[in-house]
Amino acid sequence: MKIRIIGSCGSGKTYMARRLATKYGLPHIETDNLVWDRSELNKRYPEEVRDSMLQDIVAGPDWVIEGVHHKWGQESFMEADLIFIIRPHALQRDIRVVRRFIKTRMGMERSNYKQTFRNLYEMLLVWNRKFDREHMQAIMELTSRCQGRCMVIRSNDQIETEVEQYLNQFT
């Protein structure tokens, strides 16, 4: 089973991808980890390395790929059995971003990067607003070619229901 999840910061992408990966024994891939070389602060992988890593993953038999990225890695959408576009209410999303910020700063939750007040500001007032205004339209256009496999989801619980219905087709 190949699942692609996309949404803004705080939409629940990582939470749901981890949950599905654990439940169904699927590899979980965060597109951020294909962009950022975590061995050094603010170091990006070269585009050809990033693209090669994604191609190897997409060629695999099973995966859950999640992230905000859509301008590159479109093959992950084309190869997915199910695509979920998560669009929770903006207030719920912002609360999640702030909650994650507090938890990671207090050491209660792990993060791939150092949480700073600048990151918090950018997530809430720059990235998420731009995602809603600009990127969502491009994502909808991209996924319009994936009819029958793509769903816009408001609640993360809906994802598990859809995955179960998809799997029931084969039993």
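Q: Which strands and helices do the buried residues of helix 6 pack against?
A: This is a predicted model. The buried residues of helix 6 include Leu-120, Met-123, Phe-131 and Ile-139. Their packing partners are strand 1 (2-7), helix 4 (74-79), strand 6 (82-86), helix 5 (90-105) and strand 7 (150-153).

Q: What does helix 6 span between its end C-alpha atoms?
A: Helix 6 covers residues 117-143. A straight helix of 27 residues would span 39 Å at 1.5 Å a residue. Helix 6 spans only 33 Å.

Q: Where is the kink in helix 6 centred?
A: The kink is about 50°.

Q: Which parts does the pair of Phe-101 and Phe-117 tie together?
A: The search of the whole structure finds two aromatic pairs. Phe-101 and Phe-117 form a tilted one, 5.0 Å centre to centre with 55° between the planes. The two residues are 16 apart in sequence, so the pair ties together helix 5 and helix 6.

Q: Is Phe-117 buried or exposed?
A: Phe-101 has a relative accessible area of 7%, so this residue is buried. Phe-117 has a relative accessible area of 59%. The cut-off for exposed is over 50%. Phe-117 is therefore exposed.

Q: Is the pair of Tyr-166 and Phe-170 stacked or edge-to-face?
A: The ring centres are 5.1 Å apart. The planes lie at 70°, and planes over 60 degrees apart count as edge-to-face. So the pair is edge-to-face.

Methods:
Residues are numbered from 1 along each chain as its sequence is written. This is a predicted model: local features need pLDDT of at least 70, side-chain atom pairs count only at pLDDT 80 or more; totals for chains, interfaces and linings use all residues. Side-chain values use heavy atoms; hydrogens and water are left out. Helices (H or I, at least four residues) and strands (E, at least two) are DSSP runs, numbered from the N terminus. The expected span of a helix is 1.5 Å times one less than its number of residues. The bend at a residue is the angle between axes fitted to the seven residues ending there and the seven starting there. Buried means under 20% relative accessible area, exposed over 50%, partly exposed in between (1.4 Å probe, protein chains only). Contact means heavy atoms within 4.5 Å. Rings of Phe, Tyr and Trp (its six-membered ring) pair if their centres lie within 6.5 Å; planes under 30 degrees apart count as stacked, over 60 as edge-to-face and the rest as tilted.
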